[in-house]
Amino acid sequence: MSRASAIILLVFILAASSCSVQRFLPPGERLYKGTSITIQKNKETAGRAKSLKKTIGLAASPKPNKFLLGQPYKVWWWYVLGEPKREKGLKAFLRKTLGEPPVLSSRVNATATAQNMESLMENLGYFHTTVQGDTINTGRYFTKAIYTAQVQPQYRLGKIEWVEDSSALLQLLKRNSETAGLLKTGNPYRFSDITAERDRLDLVLKTKGYYYFNPDYLMAYADSTVGDRKVNLILNIKKTIPEVAKHPYRINDIFVFPRYSLETAKTDTAKVNFDTYDSLKIKTSPTIDNSVFSRMITYRPGRIYSSRQQNTTLNRLINLPAFKFVKNRFEPVKDSLRKDKPYLLNAYYYLTPAKKNSIQAELDGFTKENNFLGTQVSLNYKNRNAFKGAEQLGIKVYGAIETTSGTAVKNNNIRLGTELTLKVPKYVTPFFRIKESFFYPPNTNFYWGMSFCEEMYYLQKIFFVSPRCYVETECATAIHPLAHFH
């Protein structure tokens, strides 16, 4: 289609939509065409009117339909295609792709939207800002919302104080807030910053043993009457905070269930037949060695609970190929809830073994830049727990045939090979032991490969063997080689 034809078609569609959409609208309804916002700044208000308009516009609702050259072309497609009889099908696909439902004037509540705009500006520190909203009819069947905002200067943070209290919890919150807090004197007042600081403090407490603490237990009182367009913040803990959230917890026992299954959950989780290994209580399993969990679990009984250590341990267990599902829970020790005893948690890890062995066959076709084309058949075997240490063993056997194309002389190649890989979830170092607790488990990869190739070049056979062997260690999301031998 030429450019001129495309333009003619576009003009035709727009003309048709301008004539047709109106007759589809319900009686008394008009099509919403968006908002118009006028900014009236106080002379001391910083910021450009364009930026303030964009900020206030975030609270505008509803979102209008898309227009092209002033016409609601997508609404036209919506009506022309009509309601499909089935949810799936060509008509339903076209209506969803080309069209969109009309946004009608009855959905517009300018007064409520104006109040939302005022609330947004107040949360950003523009106190006493007022917004008036109304609607006007434009064109033959359009409605537009108009808003006028009187924007007052933004307030800034003044004093930031914690209520005086000698409790260990409040003292910890106060120290951390003063040294690493997000709320700083002189910063613009933003309610989102207060919320972010509450969430940050909650994460800090979760690394200090406060397992049952919740960010909703923190409160901030904002005093905007101090003058000079400043807001003083007074931070405190709510009086309704439960007793268990006021105290740090220590780990009592760590239980590991390496053969957990939903079908046999009652017998799998019975607290019998446990081996005590490196302070861990591991249910006896003939398929996996206890040393695996000693390496993967990064904390021990007696330690203060830490969400960071917990997340690290859970991620390391999840990344072991020997297990299909991993979940955990913490449970308070009942006797520890008395004030005369320390607050203790028992940790439970439930691991569902993955299918140990798998075999996969592959058939590939390929071409090369030197006019060779061919096919390769490979057989892949994988063992996800080869030596009871969550080692992943892989064996690959393959054969390929290649031949030339488009040349007078045909050259044929035959290639046979095997590869053996072993992935061990630890550092294999011959003379020393590396103790680590990274977020991702360490791995040592062993590789051995051998390929045999017989190539025919102009009736002359060439036969050669290509051995390959190396070892490397890795950890974290990207590979960080600590040893690489060829």
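1. Ala390 lies in the loop that runs between strand 13 and strand 14 (392-404). The model under review is predicted, and in it the phi of Ala390 is near 60°, a positive value in a residue other than glycine. Because its relative accessibility is 2%, Ala390 counts as buried, the cut-off for that class being under 20%.

2. Ala390 is also one of the residues touched by Ala322. Ala322 is found in the loop between helix 10 (307-318) and strand 10 (323-332). With residues up to four places away in sequence left out, the partners of Ala322 are Pro353, Ala354, Arg384, Asn385 and Ala390. Between Ala322 and Ala354 the separation is 32 residues in sequence, and their C-alpha atoms are 5.5 Å apart in space. Ala322 has a relative accessibility of 7% and therefore counts as buried.

3. Strand 13 (residues 372-383) contains Ser378. Is Ser378 buried or exposed? Its relative accessible area is 2%, so Ser378 is buried. Apart from neighbours within four places in sequence, Ser378 is in contact with Gln360, Ala361 and Glu362, and also with Lys396, Val397 and Tyr398.

4. Arg229 is placed in the loop between strand 5 (218-223) and strand 6 (230-237). With a relative accessible area of 34%, Arg229 is partly exposed, whereas Ala390, at 2%, is buried.

5. The peptide bond that joins Ser61 and Pro62 is cis, with omega about -5°. Pro62 is found in the loop between helix 2 and helix 3.

6. Helix 3 spans residues 73-81, and its buried residues are Lys74, Val75, Trp76, Tyr79 and Leu81. Gly82 follows helix 3 and has a positive phi, near 75°.

7. How do helix 3 and helix 4 (residues 90-98) pack, and at what angle? Their axes are 8 Å apart and the angle is about 165°. The two helices are therefore roughly antiparallel to each other, as angles over 145 degrees fall in that class. Their crossing is left-handed. On the side of helix 3 the contact is made by Lys74, Trp77, Trp78 and Leu81, and on the side of helix 4 by Lys91, Leu94, Arg95, Thr97 and Leu98. Sorted by class, these residues comprise 5 nonpolar, 1 polar and 3 charged. Lys74 and Leu81 take part in this contact, and both are among the buried residues of helix 3.

8. Helix 2 (residues 49-56) and helix 5 (residues 110-123) cross at roughly 115°, and their axes come within 10 Å. Leu52, Thr55 and Ile56 of helix 2 meet Met117, Leu120 and Met121 of helix 5. This contact has 5 nonpolar residues, 1 polar residue and no charged residue.

9. Helix 6 (residues 168-180) packs against helix 7 (residues 191-206) at an angle of about 120°, the axes being 11 Å apart. That angle makes helix 6 oblique to helix 7. The crossing of helix 6 past helix 7 is right-handed. Helix 6 contributes Leu169, Leu172, Leu173, Asn176, Ser177 and Ala180, which meet Glu197, Arg200, Leu201, Val204 and Leu205 of helix 7. The residues of this contact divide into 7 nonpolar, 2 polar and 2 charged.

10. Some values for the chain complete the note. The chain has 10 helices and 18 strands. Of its 486 residues, 38% are buried; Ser378, Ala322 and Ala390 are among the buried residues. Where contacts link residues at least 6 apart in sequence, 60% of them join residues at least 24 apart.

How values were computed: Residues are numbered from 1 along each chain as its sequence is written. This is a predicted model: local features need pLDDT of at least 70, side-chain atom pairs count only at pLDDT 80 or more; totals for chains, interfaces and linings use all residues. Side-chain values use heavy atoms; hydrogens and water are left out. Buried means under 20% relative accessible area, exposed over 50%, partly exposed in between (1.4 Å probe, protein chains only). Helices (H or I, at least four residues) and strands (E, at least two) are DSSP runs, numbered from the N terminus. Axes are lines fitted to C-alpha atoms, for helices over the stretch in contact, and angles run from 0 to 180 degrees between N-to-C directions. Angles under 35 degrees count as roughly parallel, over 145 as roughly antiparallel, 65 to 115 as roughly perpendicular and the rest as oblique. A crossing is left-handed if the near helix is turned anticlockwise from the far one by less than a right angle, and right-handed if clockwise. Contact means heavy atoms within 4.5 Å. Ala, Val, Leu, Ile, Met, Phe, Trp, Tyr, Cys and Pro count as nonpolar, Asp, Glu, Lys and Arg as charged, and the others, Gly among them, as polar.
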